[in-house]
Amino acid sequence: MAFDRDIAELARMIDQARRAVVFTGAGISTESGIPDFRSPGGIWTRMAPIDFAEFLASEEARRETWKRRFAMEETFRAAQPNRGHRAVAELVRRGTVAAVITQNIDGLHQASGVAEDLVIELHGNTTYAHCLDCARRYELGALRVAFERDGAPPDCAACGGFVKTATISFGQAMPEDAMQRATELAQHCDLFIAIGSSLAVWPAAGFPMMAKDSGARLVIINREPTDQDDIADLVIHHDIGETLGPFVGN
Ligand SMILES: [Zn+2]
């Protein structure tokens, strides 16, 4: 069985790794019920995303952004970590995996037990908000009550700045700290495991290649073929939970 042979090879590579890094994309979270916005038929093929310049320029764009976010709240709040998240968390707990770099904004790696400082969020986090000017943090529950009462997008109580979920929008600069840490991890790991990403969204998709160029072995686990399958040492096109679950006995 090709799948069994691949799993055995993955087990060998994980055993041999002294410093592995996991990189995750939407595919690991769709198994928890979070839709992949970018996929064919995903939200962004039906409804153009609002980019950062529009958000800053227009109160109507800010209102629409928040309306869409609150419409997704039940989905985000109901989502629980799945077998894939739990397996990654266990590999971190064992010390095999040094850190998790993620394109996801749902906080499910933290919810599965990975320490916050070991999750590098390239596209930010949608489970809370902050002021774009003074960075003061806001929780979504209170913002939603005010939004539904007043119909106005939230401003910062401290400085009057615009409040936005802590995500990186289209047209918004990538977070410098996260990019720096991800670069260091990619350059200094000996095994890079890319999970549930089509590896097509840049600059995030540059990290597997960077790891490979720095001498690491590269594993890709994704249901569909990815843009970087041809440079990987091992490619597994399979369900993520089923692939990783057995490594940690779940
Ligand atoms: Zn502020």
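Residues are classed as buried under 20% relative accessible area, exposed over 50% and partly exposed in between (1.4 Å probe, protein chains only). The model is predicted: local features need pLDDT of at least 70, side-chain atom pairs count only at pLDDT 80 or more, and totals for chains, interfaces and linings use all residues. Residues are numbered from 1 along each chain as its sequence is written, and side-chain values use heavy atoms, with hydrogens and water left out.

A zinc ion is held by the SG atoms of Cys-131, Cys-134, Cys-156 and Cys-159, at 2.3 to 2.4 Å. Donors are N, O and S atoms within 2.8 Å of the metal (3.2 Å for Na, K and Ca). The donor residues follow the spacing C-x2-C-x21-C-x2-C. The arrangement is tetrahedral because the angles between the four donor atoms run from 98 to 119 degrees; the class requires all angles between 85 and 135 degrees. The ideal tetrahedral angle is 109.5 degrees. Cys-156 is buried, at 6% relative accessibility. Cys-159 is partly exposed, at 40%.

Helix α1 covers residues 2-16. Helices are DSSP runs (H or I, at least four residues), as are strands (E, at least two), numbered from the N terminus.

Ile-7, Leu-10, Met-13 and Ile-14 of α1 are buried. They lie on the same side of α1 because their arc around the axis is only 125 degrees, taken from the directions from the helix axis to the C-beta atoms. Arg-5 and Asp-15 are exposed on the other side.

Notes:
Tetrahedral: all angles 85-135°; square planar, octahedral: opposite > 155°, others 65-115°. Expected span 1.5 Å × (residues − 1).
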